[in-house]
Amino acid sequence: METIRLTMAQALIRFLDQQYVELDGVESKFFQGVMGIFGHGNVTGIGQALEQSRDGLHFIQGKNEQGMAHAAIAFAKQKNRLAAYACTSSIGPGALNMVTAAGVATVNRIPLLLLPGDIFASRLPDPVLQQIEYPMDYTVSANDAFKPVSKFWDRISRPEQLVPSALHAMRVLTDPAETGAVTLSLPQDVQCEAYDYPASFFAKRVHRIERRQPSESSISEAAQLIAAARYPLIIAGGGVHYSYALQELQQLAEACQIPVTETQAGKSSMSWQHPLSFGGIGVTGTEPANQLAAEADLVIAVGTRLSDFSTASKTAFKNPDAKFVNINISGLDAYKTSGGGRIIADAKLALSQLSMQLKAISYQSSYSAEQLQKLKQAWDAEVDRLYDAESMHGLVQTSVLGEINRFIGEQDIVVCAAGSMPGDLHRMWRTTQPKTYHMEYGFSCMGYEVSGAFGVKLAEPEREVYALVGDGSYLMLHSELLTSLQEGMKITILLLDNHGYQCIHNLQREHGSGSFGNEFRVRDEQGQLAGEYLPIDFAAHARSMGANAYTATTREQLREALARAKQHATTTLISIPVLPGTNTSGYQSWWQVGVAEVSTQPTVQAAYASYQKNVQQIKQL
């Protein structure tokens, strides 16, 4: 058997460079490169291997381990999980910085390969710098923290262990049902140890992503449930994008006159202009979508994990006789409903076969075109009103988003993740083209936005990419702004400054509490955070890193800044002060948040009484 003598790190990099995926006969390279920050846990191992193989995987120097991992997640998400970047870090704090990103990837079902350095397997330098000593189990290191948030985890304590472990890693990364974060913990001494690896380990390997066929019985059962329904409703999730099922979704909706709503991950699966498109559903949903959900006697959930936001904490579906048809490649997600049927299969195939069966019986829902048109026209008028909202005291958040939506092109991409903007965007943002709305809302991770925009730009370098970020989220993590400049990947950061964590501030006050701990205020003479807002010049901060930057305090200035940003060839930040509390809310939805059962505050007592009434509306799906 032919062998090649390499260090474990060299073997890993060579292996990654030869991994390909194939879907529907189209083959593409899976790993496009490696993002990393070097330290004593990986610089002489993985770092040396990457330096030695410069003609292979592209290396991107990160500025924060969590930030670069978010960029890798965004890249893979935008590529519909058919391409990825691996991420490497040193041991200890460098590794632990990636744990949050691992959670983001696993919750959102996005492939992410993490290669954190680890303590010496030999234990000769004991304890090594940055080692956590756990006296009850000396095999434990900081990297064990990745276990709960990874879909596959292994520690390569001998160089030959790399062969089976790397294959298992690829099994998970390319599995549409089981993908998520994969962590290979790499002791720094083992990275540098040599082994005679079989040459076959480095041969080109194509991982075929098989479309799982639905069973005839599950299709037949689902078709019967739909045929018996008068007012069915479709919820389109991220799986519609990942399975390239957009055409099949639209064909089913049109053939059967079924309105379509979208989760955050599913948004842009249908143009807002389509007569059957009713936008977001749930806590951050549109009024007509939530009205249709309340009346639906059958819900067809396609490629969604049915989170509490999509189901309004299981209060969205008020029809006592409502049933569910859950179409999902993942059994975990398909089994989240009990009243109805489930199809554990590829969404594209399932929708196509359902359409054929329903077409054969000429099924049509009982919705009239006039009824749906009336709902849609009323909501379009409401969005126009929100887009045109004015205040004599400053810019209104909904109108700022309206100006941005009206300015950018149909192919431009917006990226967001946390704060009050995801709610506004899910309700109001008008998309006509798929994959132009990139929202990380499985983890809703603050700090994802700038890093995510950089990752999306790597995936779509020919498009304009906009990061929509609040001041709180920007302050939490913006490091990859510098990486975008270093890599020549222009992004435009639209920073809506509302002086704090106003989304949670709103939530706090809605449940009876006062203003406490959420705004960025200067302390007064008594030491209380009740003074003026902290004066933060975000534009000056961006310029200090080399970006172009503007501040827009009026609509006219915003339009001018957007036009200038589009002309720039490098990353630009526009700081936009907005009035706190000028976001959207409500629209026939409720989100379950724990409220204190006992309190001395009358407002909290009233909030708890309201909470108890809403809890009674929860319907087990």
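Helix α13 is followed by S362, whose phi is positive, near 55°. Helices (H or I, at least four residues) and strands (E, at least two) are DSSP runs, numbered from the N terminus. The model is predicted: local features need pLDDT of at least 70, side-chain atom pairs count only at pLDDT 80 or more, and totals for chains, interfaces and linings use all residues. Residues are numbered from 1 along each chain as its sequence is written, and side-chain values use heavy atoms, with hydrogens and water left out.

Helix α13 covers residues 347–360, 14 residues in total. Its first and last C-alpha atoms are 20 Å apart, close to the 20 Å expected at 1.5 Å a residue; the expected span is 1.5 Å times one less than the number of residues.

Burial in α13 (buried, under 20% relative accessible area; exposed, over 50%; partly exposed in between; 1.4 Å probe, protein chains only) involves A347, A350, L351, L354, S355 and L358. Seen down the axis of α13, these buried residues fall within an arc of 135°, so they line one face of the helix. The arc is taken from the directions between the helix axis and the C-beta atoms. On the other side, M356, K359 and A360 are exposed. The buried residues pack (contact: heavy atoms within 4.5 Å) against α8 (216–227), α9 (238–242), α10 (246–256), β15 (298–302), β16 (323–328) and β17 (340–344).

I258 sits in the loop between α10 and β13 (260–262). This residue is buried, with a relative accessible area of 0%. Leaving aside neighbours within four places in sequence, I258 is in contact with P232, L233, I234, A253, L276 and I300. S366 lies 108 residues from I258 in sequence, yet the C-alpha atoms are 9.0 Å apart.

Six strands form an open sheet in the order β5-β4-β6-β7-β9-β8, with parallel pairing. Two strands pair if DSSP finds at least two bridges between them. The edges are β5 (58–61) and β8 (152–155), each pairing on one side only. Neighbouring strands are turned by 20° against each other on average, direction ignored. Axes are lines fitted to C-alpha atoms, for helices over the stretch in contact, and angles run from 0 to 180 degrees between N-to-C directions. Four bridges join β8 to the parallel strand β9 (residues 181–187). W153 stands opposite T183 in β9. Helix α1 (residues 8–16) packs on the sheet, touching β4 (31–36), β6 (84–89), β7 (112–118) and β9. The direction of α1 makes about 170° with that of β7.
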